[in-house]
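Here's a quick briefing on how two parts of one chain sit against each other. Have a look at the model first, then read on.

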Amino acid sequence: MGRLFAVVLAVITIVSAAIFIARIWWLPPDISVLGVGIDHQMTETMIASGVLFVVCQLVLAMFVWQYGDAGDARPIKTFPGGATPMVVIATILVSAEILVLTLVGTKVWGGIFLSPPDPSALHIDVQAEQFAYYFRYPGPDGKFGAIHPELIDDGNGNFFGLDPANDTAARDDIVSASLVIPVNKPILLTLHSKDVGHAFYVPELRIQQDFVPGLVIPLHFTATRLAKEEIVCTQLCGLGHYNMRAYLEVESLGQFQQWLKDHAP
Amino acid sequence: MTAPASPARTGVWVGIATITMSFAAYTSALLVRQGAGSDWQHFRLPSILYFNTVLLLVSSGTIELGRRRGYAWLIFTLGLGLLFIAGQVLAWRNLAAQGLFLATNPSSSFFYVFTVLHALHLLGGIVALGYVLVRLRAPTGGPPLTALGAVSLYWHFMDVLWLYLLVILALRL
Amino acid sequence: METTATSHHAPPQGFLRKYVFSLDHKVIGKQYLDLALVAVVIGMVLSWLMRFHLGFPTTAVPGLGKLAPTAAAGGVITPELYLALMTMHGTIMVFFVLTTAPFAGFGNFVLPIQVGAEDMAFPRFNMMSFWVTFVAFLVLVAAFFVPEGPPISGWTAYAPLSAIGKDAGPGLGTGQTLWAVSIALFCVGQLLGALNFIATTLDLRTKGMTLMRMPLSTWAWFITSVIGLIAFSVLLPACILLILDRVAGTSFFIPGGLVVSDRLQPHSGGSPLLWQHLFWFFGHPEVYIAILPGFGIVSHILPVFARKPLLGPKVVLICLIAIAFLSYTVWGHHMFLSGMNPLSATLFSVPTLVITIPATIVVLLWIGTVYGARMRFTTPALFCLGFISVFVSGGISGFFLAQPSIDTYLHGTYFVVGHFHFVMGVAAMFGIFAGVYFWFPKMYGRMMNDKLGKLHFTLTLIGVYCVFMPMHYLGLAGNVRRYSTFTDDYMKGSLPLHRFITIAALFTGAVQLIFFYNLIHSRLRGAKAPDNPWQATSLEWSTSSPPPFDNFGGHHPVVTHGPNEYGVKGPTGDYIMQASSDQPVTS
């Protein structure tokens, strides 16, 4: 029975690892500046923990294969050196891995969340609600109109609760259901929610960020390729969560400016 | 037994740790909540709270006297505990008369949460003390001195906890 | 009160006192295990329904249309039913299975016997602990029967979704309130339990049972109760504040200016992140509440079947304590993307990675124990080995999620689902299975069928890998979790893999019928168990199977040895019992 377990374990290990190595399921192609660092970090982690996974499982399988009770009088053996080598190996290996991953990883993380956005970044305001996203561009005046929650009226198309009658900054705000951006241009999003928690996730941008009601959370990135990808919600937000999507459309600068003109109120 | 075992005392210490931890959680909630919103309204604590505090402090003394001198002091302690709770009820009614209810403002919310929970925990102590008093009177069982010790430890803790809450409330509300 | 704890208590009389409102820790332990058994069946059926829908989104579940005519018209699961199933599955499994069985269940039955006590320190609190937990379970299950159905906010019940009330969606009215009340009650039950475990371990050890002679299983339950004490005394306040937000109109977790279902909500200034902090301050230690008893069980059982001492038992103990400490410094890693200060993400990331050091050491010590052993491959031994394997698999994927930069991609995908099911679900379940097969003879005086056990083990091992390993692949491909269907463009590519997982899950579920059959059949018809069927050393094997009501028949065992005396020349074989000079009792 021990040997059967050893074989089953070895097969499971090899098949699992092979599928990772063959990259049958893998990250979609990256379309952002910061994605390179994240992908690199992912590969590093995959190699380090993959080796640990395979070695641990196979050694366990080997010992199980080898050291069954055959009913003979074979004496038991203690692991050479006792517990000390285990402690030393685990501490050194894991600490080294932690050190490397943290040093490299912090740089990548810092690039997304700790560094300020490019001062020339295009600022787009994002409001999430059950179960849609709305994106707001400041218009020619470069200013966003103030948000009045009591004026929010989805039926009327006033998703942000703007008051164009009294608020000049609000009059030229462009509101869109998809996020249209120019390629190779730094983008700054400010995320806020109308109702409950949501999230902004674009796997191709390698970016994910929660919307937290009551907070305005900045997020910046730069897309490097023309693309049309889906933005999905990853924070459970209620009944229609599974259907909360929007499109990210990365266009050339010319196309983008035309789009702005076409959508001016 | 490897050590003179007193599970009752250990139990009370563990209980103290639990209650301390949960009030630490409430306190951190208060600090976060006060920092998160701009809607915090300060109000004056009802002055009866200070009178109640004196009652509770005295009761800690009388329970110690009870442990040494006997039964009557324990009954007196029980009375002081009940009086404290009655005093707290007056404090709640006082606030309600000012229009400050549980949901009026975060500051009043925390006031009610803190004081009600403390009162409930003290009620637990009152019940335990009552139980010990009954047991002391029973003709068969010997005097449960460990139990009395444990109850008085808990009682003192209720005292300390109340002082802590009073300071937090006075500073923050 | 002084006398109840230490003196010889009289055998209980009457059916109610014996089997229902029993003060006997052994009966209470079995009650907890039976509750977990009922809960796990419900939780598993819920997961089948979810998996069925994910694999076959347009196919009707046979019979479901009749059972839930509104939530599943025609038998096809609706999005709200899916989220309700998911919420209830998570809550039932985490609280009423993974906390009750390995900690409250086995701990209650075994811990007092392992330290040589007659009962827990506070038998009445112990009984209350179970019955409060039982009521908590009823309150939770009642959510299925209220008009709007169960809550749909997940087992983490993030505010404000969970706090607003019925405007936020179906099930978020009465159902969500029942959820919060149930969890608050559950906290009270577990606090009473933890109080007992700690006092019993500290004060009621028998003569010669020094702390260093305590079996690692007892140590693990003791450490777990300390973790539980701190964790549940934070979750309880969180639930109370949530209930107040829901029913009393306070604003602890709900900020101002929210418009839900076209209604401006009458709240202001609350902090959703406050809920997340309080919840995860409990939530991450909860993972260790589920898994540390498994660590103890494996460390206790593995040497019995390896017929040699555990490698470095003191190191294992130090590691368990280190894990317990560190478990309180890592909760923020659940909130890397929550908009908290990005700098603190790095600060939370480091202890999260560091906690893998003691965990790795323990795993290596287990593997090193198998080296040079004379392994007896009984069912409990196999489940211990399986535990090591799945814990390694689940632990390693933690390396990815502990790093904020990678979590940015994987957070909220199936990678996380695969990770925590391996490490907290399957590993903890394997610990529970090992415990059941190991202690069943002591509990019921009958042996379980070992052949069926091995069949159960082998198929379960293959099954769980087929279910949870592919979830990592899905996650890498960016497949998000908590979605009820994956049929449109974005997700279509993942459907075949989802279908494979569904079939594997239904298969693995069916395999559990072997276990249930074995459990029931052995309880009634199993071979009579000797007092010490496994030739083990700890005190529970010095008494009869099952033990008398006061555990040692009015006799106080005297401990002269540690629990780890295997592979030596003993009086009756290659082991020396902890109370070896004692006359074992048989009743």
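In this predicted model, the side chains of A:Asp39 and A:Arg206 come together in a salt bridge, with 2.6 Å from N to O. Across the interface of domain 1 and domain 2 of chain A, the rule picks up one salt bridge. Here's the rest of the picture, by topic.

**Polar side of the interface**
- Between domain 1 of chain A and domain 2 of chain A, the tally is seven residue pairs in polar contact, both residues being at pLDDT 80 or more.
- On the side of domain 1 of chain A that touches domain 2 of chain A, the elements giving two or more residues are α2 (35–66) and α3 (84–114) of chain A.
- That side of domain 1 of chain A is made up of eight nonpolar, three polar and two charged residues.

**Buried area**
- About 1,200 Å² is buried between domain 1 of chain A and domain 2 of chain A, and carbon and sulfur atoms give 60% of that.
- Three residues stand out here: A:Ile31, A:Ile112 and A:Phe113 supply 47% of what domain 1 of chain A buries against domain 2 of chain A, more than any other three residues.

**Layout of the chain**
- Chain A splits into domain 1, covering 2–67 + 78–114, and domain 2, covering 122–263.
- To make the contact, domain 1 of chain A puts in 13 residues and domain 2 of chain A puts in 16 residues.
- Going by C-alpha atoms, the centres of domain 1 of chain A and domain 2 of chain A are 38 Å apart.

Key:
Residues numbered from 1 in each chain as written. Chains lettered and ligands numbered in written order. Predicted model: local features only at pLDDT ≥ 70, side-chain atom pairs only at ≥ 80, totals over all residues. Heavy atoms only, no water. Domains from an automatic or database assignment. Contact = heavy atoms within 4.5 Å. Buried area = accessible area lost by both parts, 1.4 Å probe. Salt bridge = Lys/Arg side-chain N within 4 Å of Asp/Glu carboxyl O. Polar contact = N/O pair within 3.5 Å; in protein donor to acceptor, adjacent residues only side chain to side chain. Helix = DSSP H or I, 4+ residues; strand = E, 2+ residues; numbered from the N terminus. Nonpolar A, V, L, I, M, F, W, Y, C, P; charged D, E, K, R; others polar.
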